[in-house]
Every structure is written in C-alpha cells, then in structure tokens.
Amino acid sequence: MTADTAAESLTRLAAERVDHRFKGLPPDADGLTVAELAGQRRNLFTGGFATPVLALSAERLEHNLKLMETYAARHGLAFAPHGKTSMAPQLFQRQIEHGAWGITLAVPHQVRVARAFGTRRVFLANELVDAAALRWISAELDADPDFELVCYVDSVRGVELMDTALRGATRPVDVVVELAAGEGARTGVRTEAECAAVADAVAATRTLRLVGVAGYEGEVPKADTERVTAWLRRLVALAADFDQAGRFAGLDEIVVSAGGSAWFDAVAEVFAEIPELSLPVLKLLRSGAYVSHDDGHYRKLTPFNRVPEEGALEPAFRLWTQVVSRPSAEQAFVNAGKRDAAYDLDLPFAQVIRRDGAERPATGVSVTALSDQHAWLATTPEADLEVGDWVGLGLSHPCTSFDKWQLIPVAEADGTVVDYVRTFF
C-alpha cells in the first residue's frame with residue numbers, strides 16, 4: 001500500500017457518518033460526518049454529548065507521544081509500540097510520525113486492520129500457526145515489496161505448520177525465536193538448547209527466515225529489576241550465540257526485541273550492553289500502554305517512577321458519567337459500568353465533579369463496585385454530590401479501556417473536542 005493510499009484510508013474514517021453505533025456522541029449529530037462534527041469544535045460539557053462518554057486529553061496524548069519518541073531516541077532504541085492497546089489506526093499513524101519503526105500486534109485480525117490503513121512494518125508478537133492467516137500474510141508480502149513483517153516462533157512443531165501453510169510463497173516470512181521469560185511463564189522456548197533446535201528447524205525451510213530473537217520480560221516470574229535484567233541478558237546472549245554460529249548470514253541487521261510498559265528502563269540498560277555482532281542490531285522496544293497511560297496499574301508500574309529525570313507519562317483518559325441516584329448520604333450511583341469502564345485490574349477512580357460549569361475534586365467519593373451499566377459510589381460526609389452532577393472517572397489499564405468505545409472524542413483542556421479516534425476491536 002502506498003503512502004497516498006494509506007492517507008486515503010485514514011481520510012475515509014473522517015467521512016464516516018455519526019449515528020447510533022457511537023455511544024456518548026451528541027444525538028443531534030446523527031448524519032454528520034466525523035470530519036463535520038470535529039469541525040464544529042463542540043464542547044464536551046455543553047455541546048450535547050450524552051453521558052457516559054469517554055474522552056482523551058489532546059494535550060496529554062501529544063505529551064506521551066513526544067516523551068516516548070524522545071526516550072527511544074535517547075537510548076538508541078527502535079520503537080514498535082504495541083497496537084493492541086488502542087487498535088486505532090489514527091494513533092498508529094501518530095506513533096509512526098513520532099518516530100516509531102512500526103507497530104507491534106498480537107493476532108492476525110489486528111494485522112489486517114493495520115494493513116488496511118497502510119502500516120508498513122509489523123512485529124507480530126505471537127507464534128502464528130493458523131494456515132488461513134499465514135496465506136493471507138504471504139499474499140500481502142508478495143503483493144507489496146515495502147511491507148515488512150516479523151513473527152515469533154517458539155516450537156519446532158510451529159515451524160513445521162508455518163512451513164506447510166506457506167509453501168509456494170514468493171517471499172519468506174521473517175521470524176524471531178521467542179525466549180520464554182522463565183519456567184511457568186507464558187509462551188516461548190524454555191531453554192537455549194531448544195531455541196537452537198527451533199532455529200535449526202527454521203533454517204531447514206525455504207518459507208521462513210530467522211532474523212533475530214525476542215521475548216517479553218513482563219512475564220518474568222516474581223519480576224523485579226534483578227530478575228528482569230538477568231533474563232534480558234539471557235536474551236542478548238542468545239542473539240550473540242546465534243550470530244557466532246552463523247545463523248544470521250545474509251541479513252542486513254539482527255533483530256533483538258523486548259519491552260512492555262513496566263520494564264522498558266531495564267530493556268534500555270541491557271540493550272545498551274549488546275556487544276558488537278557481525279551485523280547492525282535493531283534494538284526494538286515494544287511498549288504500548290504509554291499512548292494513553294492510566295490512573296492505576298501503569299501509573300504505579302511505569303519505569304519513569306524509577307527514572308524521574310527521564311520525564312513522566314500523563315494519564316490521558318477520563319470517563320465522564322452522571323449521578324442518576326443518591327439513595328442515601330453514604331451512597332450514589334452513576335450511569336457507567338462494566339460496559340463502559342476497564343475493571344480487570346482496578347476499579348475506576350472518582351477524580352472530579354462538575355456542576356453548573358464548575359469543576360472540583362471528588363473529595364469523599366470512591367467507586368466500590370461496577371454493575372453492567374452502573375458504578376457504585378461510596379460517599380463520606382464531606383462529599384458534595386447531587387443527582388445530575390457529572391463525575392469524571394480515571395481508569396486503570398488502557399488495553400481494556402479503548403476496546404469498549406468505537407469513537408472517542410479528543411478534547412482540549414477547556415473541553416473543546418478537536419478530533420475523534422476510531423477503534424477496531
């Protein structure tokens with residue numbers, strides 16, 4: 001897909017008509033295109049938006065994009081942020097504009113979305129053994145010489161299945177051997193000897209090409225700095241051993257990849273120690289949650305807590321809800337629940353209250369439970385909360401926040417909505 005075609009695909013998103021599919025948007029906007037609605041620059045609080053409505057902060061979103069671009073460049077890292085976080089091609093494009101090498105994805109459907117919007121480089125962080133998906137990927141590679149895809153392999157059996165599905169392909173699929181993060185961790189090859197066996201199996205095919213090694217340090221059992229660093233050094237040593245054995249002959253570069261959103265400081269430190277190999281090394285970081293960050297899980301885990309001199313990510317999400325019941329002095333209910341808010345890691349956090357255009361901290365208000373369409377609030381005596389008030393909730397875990405909303409307003413600090421982000425889950 002050419003750059004012009006990719007731009008046209010993104011432009012078509014702006015031509016989509018607003019209707020009942022998109023919750024939270026103004027009912028009187030039905031029939032407008034997304035571009036027309038964005039051009040009206042409506043205010044999130046006075047422009048007819050209906051609660052609950054999830055919004056992204058325009059300023060914080062841009063801050064996070066710039067910060068990780070700067071961080072990766074400072075540490076000599078290529079960056080392929082994990083697109084499963086947002087599944088939003090507009091954000092993929094902005095990440096690429098902010099220096100990303102490409103986009104990491106987890107499953108074939110996500111690759112199809114990315115390709116539909118012109119993503120040229122994909123790191124598929126999973127072993128792919130589905131024959132239909134492999135044939136589609138092979139056809140994409142054959143049809144577009146500019147398309148690059150790198151995929152995990154973690155078993156000899158997986159290599160055999162991939163090879164069978166890809167027979168007749170013009171271009172081989174580039175693969176990296178996934179080193180498991182430890183015994184009892186998620187996927188990946190458990191020992192270096194088994195890694196060599198998988199690499200040998202790849203070398204015996206014409207349909208696959210070994211280009212490096214990779215893994216996910218977030219799965220290290222009982223992860224701490226010492227354990228994560230030790231595993232990352234195993235990964236680097238594996239790359240060096242493979243290189244010494246001549247497994248990367250004929251390549252332009254060797255891929256060494258790791259990096260979720262909790263330990264990218266350790267990745268940067270260890271990858272800086274990679275010895276000189278026979279070829280240049282593409283040191284590929286894959287952190288994805290940074291794009292929106294959050295008010296819970298990643299606020300606590302972000303490596304920037306350990307290296308504050310490097311900067312700080314800012315939570316960009318806020319879910320705006322409305323008080324629909326105040327049955328007692330100790331309890332209230334707002335009109336957003338499990339269908340609207342992430343809850344797999346932490347419950348939402350009551351942050352601010354809006355009444356008559358004025359905003360104040362949600363003192364004495366906390367979320368204690370979620371039903372399908374309601375959040376249960378506990379209120380202390382100092383809580384000033386009435387039916388009709390808007391309550392802004394912070395969220396934990398971006399990956400399960402984006403997936404509940406198909407079209408998300410992007411609002412400036414004063415509430416002016418300047419854009420809408422379309423997701424594809």
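Let's start at asparagine 43. Leaving aside neighbours within four places in sequence, asparagine 43 is in contact with Phe49, Asp414, Gly415 and Thr416. Contact here means heavy atoms within 4.5 Å. Asparagine 43 is found in the loop between α2 (34-39) and β1 (53-57). Helices (H or I, at least four residues) and strands (E, at least two) are DSSP runs, numbered from the N terminus.

A word on the source. This is a predicted model: local features need pLDDT of at least 70, side-chain atom pairs count only at pLDDT 80 or more, and totals for chains, interfaces and linings use all residues. Residues are numbered from 1 along each chain as its sequence is written, and side-chain values use heavy atoms, with hydrogens and water left out.

Back to asparagine 43. Its side chain reaches the backbone oxygen of aspartate 414 at 3.0 Å. That is a polar contact: a pair of N or O atoms within 3.5 Å; within protein, one must be able to donate a hydrogen and the other to accept it, and residues adjacent in sequence count only if both atoms are side-chain atoms. Buried or exposed? Asparagine 43 counts as buried, because its relative accessibility is 19%. The cut-offs: buried is under 20% relative accessible area, exposed is over 50%, partly exposed is in between, with a 1.4 Å probe and protein chains only.

Next, arginine 422. It lies in strand β18 (residues 417-422). Arginine 422 is buried too, at 9% relative accessibility. Which side chains does the side chain of arginine 422 meet in polar contacts? One is glutamate 16, at 3.0 Å. Another is glutamine 406, at 3.4 Å.

Eight strands form an open sheet, in the order β2-β9-β8-β7-β6-β5-β4-β3, and the pairing is parallel. Two strands pair if DSSP finds at least two bridges between them. Which are the edge strands? They are β2 (78-79) and β3 (103-105), each pairing on one side only. Look at the β3 edge. There, 3 bridges join β3 to β4 (residues 121-127), in parallel. Leucine 105 has leucine 124 in β4 as its bridge partner.

α9 lies across β6 (173-178), β7 (208-214) and β8 (254-258). Its angle to β8 is about 165°. Axes are lines fitted to C-alpha atoms, for helices over the stretch in contact, and angles run from 0 to 180 degrees between N-to-C directions.

That brings us to the cores. A nonpolar core is a set of buried Ala, Val, Leu, Ile, Met, Phe, Trp, Tyr and Cys residues joined through side-chain atoms within 4.5 Å. The largest has 123 residues. Those with the most contacts inside it are Met68, Phe123, Val175, Val177, Leu232, Phe242 and Phe271. Helix α9 (residues 225-244) gives the largest share of this core, 8 residues. Take leucine 232. Not counting residues up to four places away in sequence, leucine 232 touches Glu217, Ala258, Ala266, Val267, Val270 and Phe271. A second, separate core has 19 residues, among them Val34, Leu44, Ala55 and Trp390.

Strand β10 (residues 317-328) and strand β11 (residues 331-334) run antiparallel, joined by 3 bridges. They form a hairpin with 2 residues between them. Serine 328 stands opposite glutamine 331. β11 also pairs with β15 (residues 375-379), antiparallel, over 4 bridges. Here valine 334 has alanine 375 as its bridge partner.

Tyrosine 298 next. It lies in helix α11 (residues 297-301). Tyrosine 298 is buried, with a relative accessible area of 15%. Beyond four places in sequence, its contacts are Ser261, Ala289, His293, His397 and Pro398. Proline 315 is 17 residues away along the chain, with the two C-alpha atoms separated by 9.2 Å.

Last, the cysteines. How many disulfides does the structure hold? It holds 0. A disulfide is a pair of cysteine sulfur atoms within 2.5 Å. For cysteine 195, the nearest cysteine sulfur is that of cysteine 151, 15 Å away. Cysteine 195 is buried, at 0% relative accessibility.
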